[in-house]
Amino acid sequence: MSSTPVAVVTGGNKGIGLAIVRALCKQFSGDVYLTAREAGRGKAGVAELQKEGLKALFHQLDINDLQSIRALRDFLKEKYGGLNVLVNNAGIAFKVADTTPFATQAEVTLKTNFFGTRDVCTELLPLIKPNGRVVNVSSMVAVSALAKCNQDLQQKFRSDTITEEELVKLMTKFVEDTKNGVHEKEGWPNTAYGVSKIGVTVLSRIHARMLNEKRKADQILLNACCPGWVRTDMAGPNATKSPDEGAVTPVYLALLPPGASEPHGQHVSEKKVRTW
């Protein structure tokens, strides 16, 4: 078993994910795994970094496939005895002009961005070693979407005692409400991406609390972050930041020094803790 520290980035083959892998290859002293759903694309990402003189490793991961997540879990357990840094970056968004029915967009978006991310956390959080770092890539859209929820939903999503089970029920309810055409009446905003990222930030707050309760002495720090508006396939060419600029806050959180006690359980943007 290798004693080398190990970092894993989900959705690492392009955009912000690839930029995070690039920065970790430069700054993290250990093995860095670029993971992607399709091996071809993942290996192309590794080859691109290799041209820059950077060594990333590839492992297949489809966050919508439990078997795929568990294969990665078993690999990490066997080869490294755990995991030091996990960056949950994989996500999807429909384009504004997309004519796919909203209920379908809601189901598909939440399946990956919330439920897929949650499955990765369920399987990999127990592997995080002492002084480990977990970064969940959320979005500034989570904050604006939260402000558009009704008061009851806002209160629930801001609660310091909400459980993972309660959050899952709310995310499931959003999808059901869109199918029944009542999501606005039920107090939800008109953004499936925004709701999925509310889910990611609240899940981060819950998991940070859980780490405090169960593994306080291990000094693991877990946060959600907003990379900003980044020029990617997702956000388009007019965005203000390059992918490398978008990677700055996620990488800062992934490399918080040993012994640091904060930030933890926060929504971080431009390296600053934001009010949730």
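Start by selecting residues 6-9 and 31-36: these are strands E1 and E2, which pair in the parallel sense over 4 bridges. Keep in mind that you're looking at a predicted model. Zoom in on Val9 and you'll find Leu34 of E2 standing opposite.

Stay on Leu34 and look for Phe58 in E3, which also stands opposite Leu34. E2 and E3 pair in the parallel sense too, again over 4 bridges.

Now show the side chains of E2. Asp31, Tyr33 and Thr35 point one way, while Val32, Leu34 and Ala36 point the other. Is E2 buried or exposed? 6 of its 6 residues are buried, so the rest of the structure largely encloses this strand.

Last stop, the helices: select 66-80 (H3) and 102-124 (H4). Their axes lie 10 Å apart and the packing angle is about 30°; angles under 35 degrees count as roughly parallel, and H3 and H4 are therefore roughly parallel to each other. The crossing is right-handed. To see the contact, show Leu66, Ile69, Arg70, Leu72, Arg73 and Leu76 in H3 against Gly116, Asp119, Val120, Glu123 and Leu124 in H4. Colour them by type and you get 6 nonpolar, 1 polar and 4 charged.

Conventions:
Residues numbered from 1 in each chain as written. Predicted model: local features only at pLDDT ≥ 70, side-chain atom pairs only at ≥ 80, totals over all residues. Heavy atoms only, no water. Axes fitted to C-alpha atoms, helices over the stretch in contact; angles between N-to-C directions. Helix = DSSP H or I, 4+ residues; strand = E, 2+ residues; numbered from the N terminus. Parallel < 35°, antiparallel > 145°, perpendicular 65-115°, else oblique. Left-handed = near helix turned anticlockwise from the far one by under 90°. Contact = heavy atoms within 4.5 Å. Nonpolar A, V, L, I, M, F, W, Y, C, P; charged D, E, K, R; others polar. Buried < 20%, exposed > 50% of the residue type's maximum accessible area, 1.4 Å probe, protein only. Pairing = 2+ DSSP bridges.
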